[in-house]
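Visitor: Please take me through one part of this model in detail, and show how its surroundings relate to it.

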Amino acid sequence: MNDQKLYYTIDEVRKLIYANGVSKSTLHNMINSGDIPSRRLMKRVFVPRWWVDKEIAIATHAPQEVN
């Protein structure tokens, strides 16, 4: 089994993609509108790694294979 994360928390997405430049409420609004895919587990929200990887590739213009 691969040890990489399959999902990220909202705080991790803020740090990895937006360098904390976007508020949690903005991210929640983006999730609720469908702009960011997510999975909910009770009250917690998780964003899939494939989406995070895709956004990082777009931001860095690094050609990566996205599953």
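Guide: The account below starts with the whole chain and then turns to one strand and its surroundings.

This is a predicted model, in which local features need pLDDT of at least 70 and side-chain atom pairs count only at pLDDT 80 or more, while totals for chains, interfaces and linings use all residues. Residues are numbered from 1 along each chain as its sequence is written, and side-chain values use heavy atoms, with hydrogens and water left out.

The chain has three helices and three strands, arranged along the sequence as β-α-α-β-β-α. Helices (H or I, at least four residues) and strands (E, at least two) are DSSP runs, numbered from the N terminus. Of the 67 residues, 25% count as buried; buried means under 20% relative accessible area, exposed over 50%, and partly exposed in between, with a 1.4 Å probe and protein chains only. Among the contacts in the chain with a separation of 6 or more, 41% join residues 24 or more positions apart, contact meaning heavy atoms within 4.5 Å.

Four of its five residues are buried, so β3 is largely enclosed by the rest of the structure. The three strands form an open antiparallel sheet in the order β1-β3-β2. β1 (7–9) and β2 (39–41) stand at the edges with a single partner strand each, so one side of each is left without a neighbour in the sheet. From one strand to the next, the twist averages 40°. Axes here are lines fitted to C-alpha atoms, for helices over the stretch in contact, and angles run from 0 to 180 degrees between N-to-C directions.

Both pairings of β3 can be followed residue by residue. Two strands pair if DSSP finds at least two bridges between them. Strands of a sheet pair through backbone hydrogen bonds, either parallel or antiparallel.

The hairpin of β2 and β3 has two residues between the strands, and in it M42 takes a positive phi near 60°. M42 is not a glycine, and most residues other than glycine have a negative phi. At 80% relative accessibility, M42 counts as exposed.

Not counting residues up to four places away in sequence, R44 touches T9 and R39. R44 and T9 are 35 residues apart in sequence, yet 8.0 Å apart in space, C-alpha to C-alpha. With the same exclusion of residues up to four places away, V45 touches Y8, T9, I10, H28, I31, S38, R39 and R40.

V45 also belongs to the largest nonpolar core, whose 11 residues are Y8, I10, V13, V22, L27, I31, I36, V45, V47, W51 and V52. Such a core is a set of buried Ala, Val, Leu, Ile, Met, Phe, Trp, Tyr and Cys residues joined through side-chain atoms within 4.5 Å. The elements that give two or more residues to this core are α1 (10–16), α2 (24–33), β3 and α3. In soluble globular proteins, nonpolar side chains tend to be buried together.

Helix α3 (residues 49–60) packs on the sheet, touching β1 and β3, and its direction makes about 55° with that of β3. α3 has 12 residues and reaches 16 Å from its first C-alpha to its last, close to the 16 Å expected at 1.5 Å a residue; the expected span is 1.5 Å times one less than the number of residues. The buried residues of α3 are R49, W51, V52 and A57, and what covers them includes β1, α1 and β3. H61 follows α3 and has a positive phi, near 55°.
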